[in-house]
Amino acid sequence: DMRSHWHLQIVGDTHRGNWRQGYIFAGRFGVDLQVLLPGQEFTEECVEQVPLLEPPNSGRAPEQCFSMRHLMLTGKGPRQYLAVLRPLGVADIITQQGSRIDRYLFVDVRGRAFKNLDLNQIAPGWGEAAWAVPRAHILTTLLSQLSAGSVHFDRPVTGLRWDGAAFILEDPAGLSRLEGPLIGADGMHSLVREALWRLPSPRYQGFFAVRGILPYELPADLSHTVVQVWGPRGEFGYSPLGAGRVYWFGTIPWRHPKTEPVRGDFQAHFAGWAEPIGDFLAETTEQELLIHPIYDRLDPFEVKPFPATLIGDAAHLMTPNTGQGACQGMVDAWVLAAALNQHPGHPGAALAQYREQRLQSALAVGRRSRQLGRLIHQNMGAGGWLKTALLRSVPSSAILSVMRSVVGDPASLPLR
């Protein structure tokens, strides 16, 4: 009684039999589940290995005769982000190109360390380490797990409306009709949110971010470490991103989002800050450099009389200061899938349950991130010494407690 799409993929000779009696084939086979099974993961591929349609002395090996009667699944609470990916069987593939992060090291603008946090103490309940992984690798890995035709490229939806019975979508191919449910996962400039909810636009937070990836060998003692530098009105951080690569980021206050800073503006702002900050800014190629204004949007969306909802940045766009944007979106997806699975044939009830379980929690994380971003960009003493002194004075246990509240408690989520 699985409410999901699956198919039997057989490699080898043509099979005989049917799903009720079993299959016989000379080759090998695999079962490929095409969709996420909410709240579940494999504990065993329970495919009964019994001879069918052929007598036991037929000469066929036992592994060539299977009864495809059921797959045994069991509910098990996932853990944030990686743990949500774990049941999909892609977590290990994704982390191959990343670096495990065990600690968070705060240093001042001269490079002197003053706070060292053990990240393994933040979320033991999730059962996963923290990782730094290229986002493009996550996306391509997930895409590779979908069946052909599941995702349509080069078909941007340019118009959307509800006609009282179905959604009417407009794209370059024309108009299409969708009875629902409709999930708006279309990010910061969400067409779904604008068309169906008409809520306020994202709010500029007064600073720009610059990010980059480049080949670079960090010292061995930083191989599992995020380094963050707090200085006068801004921050800079970096971490390993797999073997021989570094991901780095920096933020600076900037008056207007329409007049973007360039690389030289960031170099001028971070001049005199501890190396290797200058090297990162100078050596990263234009192709690997990203500069963009920082917005957030923390206005809740209400339940509508049609089957639609929002997830990820479309639902709760937040600043990057807590590093939780993608993680919150991943948990959204899992909880929404669980709700749809719990209420088959009743999307309205599922979407209302998802909103009740996720929206306020994610918005609270967004508010934390906004507060942190404002603190980082305040001018508190030459060289940022006052912010450094304040952070140094706060016990590590208190900072870890705040981090735990941001990451969340898996026991409080409907993931089992």
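Contact here means heavy atoms within 4.5 Å of each other. Among contacts in the chain between residues at least 6 apart in sequence, 69% join residues at least 24 apart. The structure is a predicted model, in which local features need pLDDT of at least 70 and side-chain atom pairs count only at pLDDT 80 or more, while totals for chains, interfaces and linings use all residues. Residues are numbered from 1 along each chain as its sequence is written, and side-chain values use heavy atoms, with hydrogens and water left out.

**Overall composition**

- The chain has 11 helices and 21 strands; these are DSSP runs (helices H or I, at least four residues; strands E, at least two), numbered from the N terminus.
- Of the 416 residues in the chain, 44% are buried, that is, under 20% relative accessible area with a 1.4 Å probe, counting protein chains only.
- The accessible surface of the chain is about 21300 Å², and 53% of it belongs to carbon and sulfur atoms; such areas come from the Shrake-Rupley method with a 1.4 Å probe.

**The seven-stranded sheet**

- An open sheet of 7 strands runs in the order β10-β9-β17-β18-β19-β16-β20, with mixed pairing; two strands pair if DSSP finds at least two bridges between them.
- Its edge strands are β10 and β20 (289-296), each of which pairs on one side only.
- On average, neighbouring strands of this sheet are turned by 20° against each other, direction ignored.
- Strands β16 (residues 203-215) and β19 (residues 245-253) run antiparallel and are joined by 9 bridges; Ala209 has Thr251 in β19 as its bridge partner.
- Helix α9 packs on the sheet and touches β16, β17 (225-231), β18 (234-240), β19 and β20, its direction making about 55° with that of β17. Axes are lines fitted to C-alpha atoms, for helices over the stretch in contact, and angles run from 0 to 180 degrees between N-to-C directions.

- The 12 residues of α11 (residues 396-407) should span 16 Å at 1.5 Å a residue, which agrees with the 16 Å between its end C-alpha atoms; the expected span is 1.5 Å times one less than the number of residues.
- Ile399, Leu400, Met403, Val406 and Val407 are the buried residues of α11. Seen down the helix axis, they fall within an arc of 115°, so they line one face of α11; the arc is that of the directions from the axis to the C-beta atoms.
- Cover for these buried residues includes β10 (113-118), α8 (325-342), α9 (347-376) and α10 (385-393).
- Just after α11, Gly408 takes a positive phi of about 90°.
- Helix α8 has 18 residues and reaches 26 Å from its first C-alpha to its last, close to the 26 Å expected; its buried residues include Trp334, Met330 and Asp332.

Conventions: Buried < 20%, exposed > 50% of the residue type's maximum accessible area, 1.4 Å probe, protein only.
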